[in-house]
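Dear colleague,

Could you read them with the coordinates open beside you?

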Amino acid sequence: MNAEILKANELKKVAPVFGQLSFDEHEQVVFCNDKDTGLKAIIGIHNTTLGPALGGTRMWDYASEWEALNDVLRLSRGMTFKSAVTGLNLGGGKAVIIGDAKTQKTPELMRKFGEYVDSLGGKYITAEDVGMDTADMDTVREVTKHVTGISEHLGGSGNPSPITAYGVYMGMKAAAKYKYGKDSLAGKKVLVQGIGHVGETLVKYIAEEGGEVLIADINQERLEQIRDKYGAVIFGGEDLYTADVDIYAPCALGATVNDETIHKLNVDIVAGAANNQLADEKVHGKMLQEKGIVYAPDFLINAGGIINVYAELEGYDKPEIMRKTENIYHTTLEILNSAEANQITTHQSALKVAQDRIEKRKAEKKQ
């Protein structure tokens, strides 16, 4: 045990949970620790006005616990707005497990995490995210029913990544329609940063439509596989943010649109799968607008995954999943046009739709 226990009057020096900028009125934050399995996890429940908080579990080797806390707070907040703007009766939640998924993840650790999820009695429903796969959710399912994204043979909807990618593709085409007057991606240069399960499927959709795809990732072997499979081009420059492309699609971790990168961007559209792409929503949303770059809000266009796992709760089938995900195209166009009409950023426009729906439900509950 650590003998260095902080005194109460020293807490303000280390920015306690309620003082985090990303806290944003979270309903509940749960810290989970288990010595035997090595589990160190944080579950963030942002808002349950519209329904139980549903959001994936991410396992990442964070540099610090504060970094992990900030990530789970930002992600769970984003899930609230993602479900709201998409019209789902779900709240926003997320979980992070601190550790290297390749070397520290075990069935025992996942079952212990599942026990913590179960202890919340359904207020939080988990699913897969970075560092997780369907098999991990199957393991969690052994100890709790409050999990989605389990294998189809167990009655689940399976891996949500292909549906997430389809939603991003729809959002990207809507942004192209808004910017160019037509939604075809044929002949457009698209830089996809991060080619995991979602990124790969997005590359497939764009390449099949005749788009010219550049790819970037920290895994060189993975890059070569995707290049050979889809005819993509591996980005060979020193700074991908200076790439001369039409569309930038961030599909890895968030905050890649920030003070350092935004001045370098030479693109027409930002539309990708990553969560929290804007390091500062207000500042960088405005800067993109001033540069004439169309930003397709991430929490809107990457909602295909949650639409997919929501099917497990509501019992709708694959054709309905695809129909709901395809509707991201129309919602994105509405958001982009509304932003222009009201002279606000596209992020603000999407956020307003989400917040208005939440406030309406609050008012209904009070009646």
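A cavity is here a set of grid points where a 1.4 Å probe fits but cannot get out, whereas a pocket is an open set. Please keep in mind that this is a predicted model. With that definition, a search of the whole structure finds 1 cavity of 30 Å³ or more.

The space in this largest cavity comes to about 120 Å³. Its lining is made up of 16 residues, and those that lie nearest the centre are Arg74, Gly78, Asn276, Asp298 and Phe299. Helices H1 and H8 (298-301) each contribute at least two residues to the lining, and H1 gives the most, with 6 residues. By class, the lining of the largest cavity divides into 6 nonpolar, 5 polar and 5 charged residues.

Turning to the open spaces, the second largest pocket has a volume of about 770 Å³. Of the 25 residues that line this pocket, Ser22, Asn70, Arg74, Ala279 and Glu281 are the ones nearest its centre. Two or more lining residues come from each of strand E4 (57-60), helix H1 (65-86), helix H7 (281-290) and helix H12 (346-366), and the largest share, 6 residues, is that of H1. The lining of the second largest pocket holds 8 nonpolar, 8 polar and 9 charged residues. You will find Arg74 among the residues nearest the centre of the largest cavity and also among those nearest the centre of the second largest pocket.

The other part of these notes concerns helix H10. Helix H9 (residues 304-314) packs with helix H10 (residues 318-326) at an angle of about 150°, their axes lying 9 Å apart. Because angles over 145 degrees count as roughly antiparallel, H9 is roughly antiparallel to H10. The crossing of these two helices is right-handed, and the contact involves Gly304, Ile307, Asn308 and Ala311 on H9 together with Lys318, Ile321, Lys324 and Thr325 on H10. This contact has 3 nonpolar, 3 polar and 2 charged residues.

Helix H4 (residues 161-180) also packs with H10, at an angle of about 35° and with the axes 9 Å apart, and the crossing is right-handed. Here Ile163, Tyr166, Gly167 and Met170 of H4 meet Lys318, Ile321, Met322, Thr325 and Glu326 of H10, a contact of 5 nonpolar, 2 polar and 2 charged residues.

With best regards

Definitions and conventions: Residues are numbered from 1 along each chain as its sequence is written. This is a predicted model: local features need pLDDT of at least 70, side-chain atom pairs count only at pLDDT 80 or more; totals for chains, interfaces and linings use all residues. Side-chain values use heavy atoms; hydrogens and water are left out. Axes are lines fitted to C-alpha atoms, for helices over the stretch in contact, and angles run from 0 to 180 degrees between N-to-C directions. Helices (H or I, at least four residues) and strands (E, at least two) are DSSP runs, numbered from the N terminus. Angles under 35 degrees count as roughly parallel, over 145 as roughly antiparallel, 65 to 115 as roughly perpendicular and the rest as oblique. A crossing is left-handed if the near helix is turned anticlockwise from the far one by less than a right angle, and right-handed if clockwise. Contact means heavy atoms within 4.5 Å. Ala, Val, Leu, Ile, Met, Phe, Trp, Tyr, Cys and Pro count as nonpolar, Asp, Glu, Lys and Arg as charged, and the others, Gly among them, as polar. On a 1 Å grid over the protein atoms alone, a cavity is a set of points where a 1.4 Å probe fits but cannot get out, and a pocket is an open set with protein on both sides within 12 Å along at least five of seven lines; lining residues have an atom within 4 Å of a point. Grid points are joined across faces, edges and corners, and a volume is the space filled by probe spheres set on the points.
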